[in-house]
Amino acid sequence: MSATRVLVLNSGSSSVKYQLLDMRDSSRLALGLVERIGEESSRLKHSPLANGGEPRETTGRIADHEAALKAVAEELARDGLGLDSPELAAIGHRVVHGGQTFTQPTVVDETVLAEIERLIPVAPLHNPANLTGIRTAQALRPDLPQVAVFDTAFHTTMPESAARYAIDVKTADEHRIRRYGFHGTSHAYVSRATAKLLGKAPEDVNVIVLHLGNGASASAVRGGRCVDTSMGLTPLEGLVMGTRSGDIDPAVIFHLMRVGGMSTDEIDNLLNKKSGLIGLCGDNDMREIRRRVEEGDEQAELAFDIYIHRLKKYIGAYYAVLGRVDAVAFTAGVGENAAPVREAAVADLDELGLTVDDALNAVRSDEPRLVSPEGARVAVAVVPTDEELEIASQTYALVSNGNGNANGVADRAARDAGQGHA
């Protein structure tokens with residue numbers, strides 16, 4: 001097809017992140033963020049990347065998502081990249097929860113919208129905002145394909161033994177309780193980019209991917225297919241995160257209700273927003289925690305140790321799940337930038353073939369790289385994630401086919417993997 005541009009939208013409850021990419025070479029033409037939608041202090045930050053344009057910022061009330069997208073369209077038009085351009089092939093939307101229904105990117109129609117809406121009870125914080133972004137974009141460009149790319153899709157290859165919780169099957173099925181996993185676009189991108197870094201095909205590589213940001217998740221990827229992941233029905237399960245507890249005895253909830261007199265909403269807020277690193281030491285910024293550790297702060301040191309202990313448990317567990325591990329890949333804000341986290345996560349795991357080279361691990365770079373010693377049995381890699389490129393690649397592959405399916409998505413995305421930070 002002649003149109004080669006894809007606009008990627010990530011609509012949150014009060015924000016819209018966006019990037020415009022040209023899929024001929026996976027280059028970024030523009031990116032930006034609208035935040036605090038609905039407030040008097042709304043702000044739009046826009047960066048035109050083509051032709052060396054200067055970043056722009058505007059402030060003032062942006063009433064709703066429709067107004068936000070119209071403002072984005074105006075900024076793009078100022079750079080000659082407007083939504084009315086014949087070069088725009090599609091708009092790709094990040095949708096957090098696709099349940100078991102959506103296993104690949106999907107062109108949006110009313111049936112798809114209805115199913116995303118039906119999944120709101122298992123993603124109450126995310127799917128409503130994603131729906132708003134899609135419907136607003138449809139209103140602005142009703143003639144353009146809108147494609148939903150789901151966070152959960154990459155994890156739908158998990159076997160039932162990994163996806164099922166050990167609760168009554170009828171109850172689980174009735175309420176759609178199972179482990180779905182999240183950060184799927186990141187895990188998909190990083191697992192393929194890691195294979196590329198090793199000079200191998202994805203189907204020949206077993207990778208443990210550690211997506212460590214404010215939200216954090218791990219996945220076991222065998223031959224390009226996810227076979228286990230740490231997040232579950234919601235993004236609360238798994239690793240210690242910035243503000244989320246991760247794994248916890250479910251009876252803690254009953255205890256807090258019966259003994260602590262807390263409501264379900266209060267417990268939800270505690271586990272999602274007041275736990276994890278911020279609950280343990282009052283900070284959820286790993287840079288600040290490491291500064292405090294180096295100054296001898298015992299509370300920060302304990303928080304760091306708990307974070308690493310959980311991370312090591314998942315590395316070991318997924319090593320056992322995979323049987324053979326070719327690489328452990330660190331990604332996202334903490335994974336890409338916090339050398340002490342990488343060092344501590346594999347410390348004393350020499351028997352598993354895991355170690356880092358201190359000099360290589362200390363290097364800061366936007367490029368995929370190995371930080372393990374030459375000849376190491378298991379590669380330890382740092383692979384910057386690129387979820388926007390992943391969404392754009394999947395979106396473009398789908399609309400390029402012109403037949404409503406996603407054949408060729410993995411092949412095209414595999415070719416693009418690693419280019420986003422070139």
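## Model confidence

The structure is a predicted model, and its chain has a mean pLDDT of 91. Of the residues in the chain, 95% reach a pLDDT of 70 or more. In residues 403-422, by contrast, pLDDT stays under 50. For that stretch the model has 44 contacts beyond four places in sequence.

An open sheet is formed by six strands in the order 11-10-9-12-14-13, with mixed pairing. Strand 11 (225-229) and strand 13 (369-370) each have a single partner strand and stand at the edges, so one side of each is left without a neighbour in the sheet. Helix 11 (residues 298-322) packs on this sheet and touches strand 9 (206-212), strand 10 (216-222) and strand 11. The direction of helix 11 makes about 160° with that of strand 9.

L370 has A381 in strand 14 as its bridge partner. In general, strands of a sheet pair through backbone hydrogen bonds, in either a parallel or an antiparallel manner.

## Salt bridges

The model contains 27 salt bridges. One of these joins the side chains of R28 and D386, with an N to O distance of 2.4 Å. R28 belongs to strand 3 (residues 27-35), whereas D386 lies in the loop between strand 14 and helix 15 (387-401); the pair therefore ties together parts that are 358 residues apart in sequence. Both R28 and D386 are buried.

A further salt bridge connects the side chains of E35 and R43 at 2.5 Å, N to O. E35 counts as buried because its relative accessibility is 16%, under the 20% limit. R43, at 22% relative accessibility, counts as partly exposed.

## Surroundings of L44

L44 lies in strand 4 (residues 43-48) and counts as buried, with 2% relative accessibility. Leaving aside residues up to four places away in sequence, L44 touches Y18, L33, V34, R56, E57, T58, A71, V72 and E75. L44 and K273 are 229 residues apart in sequence, and their C-alpha atoms are 26 Å apart in space.

## Surroundings of T185

T185 is located in helix 6 (residues 184-197). At 3% relative accessibility, T185 counts as buried. Its side chain is joined to that of E387 by a polar contact of 3.2 Å. Beyond residues up to four places away in sequence, T185 touches V149, F150, D151, E387, E390 and I391.

Definitions and conventions. Residues numbered from 1 in each chain as written. Predicted model: local features only at pLDDT ≥ 70, side-chain atom pairs only at ≥ 80, totals over all residues. Heavy atoms only, no water. Pairing = 2+ DSSP bridges. Helix = DSSP H or I, 4+ residues; strand = E, 2+ residues; numbered from the N terminus. Contact = heavy atoms within 4.5 Å. Axes fitted to C-alpha atoms, helices over the stretch in contact; angles between N-to-C directions. Salt bridge = Lys/Arg side-chain N within 4 Å of Asp/Glu carboxyl O. Buried < 20%, exposed > 50% of the residue type's maximum accessible area, 1.4 Å probe, protein only. pLDDT = per-residue confidence, 0-100. Polar contact = N/O pair within 3.5 Å; in protein donor to acceptor, adjacent residues only side chain to side chain.
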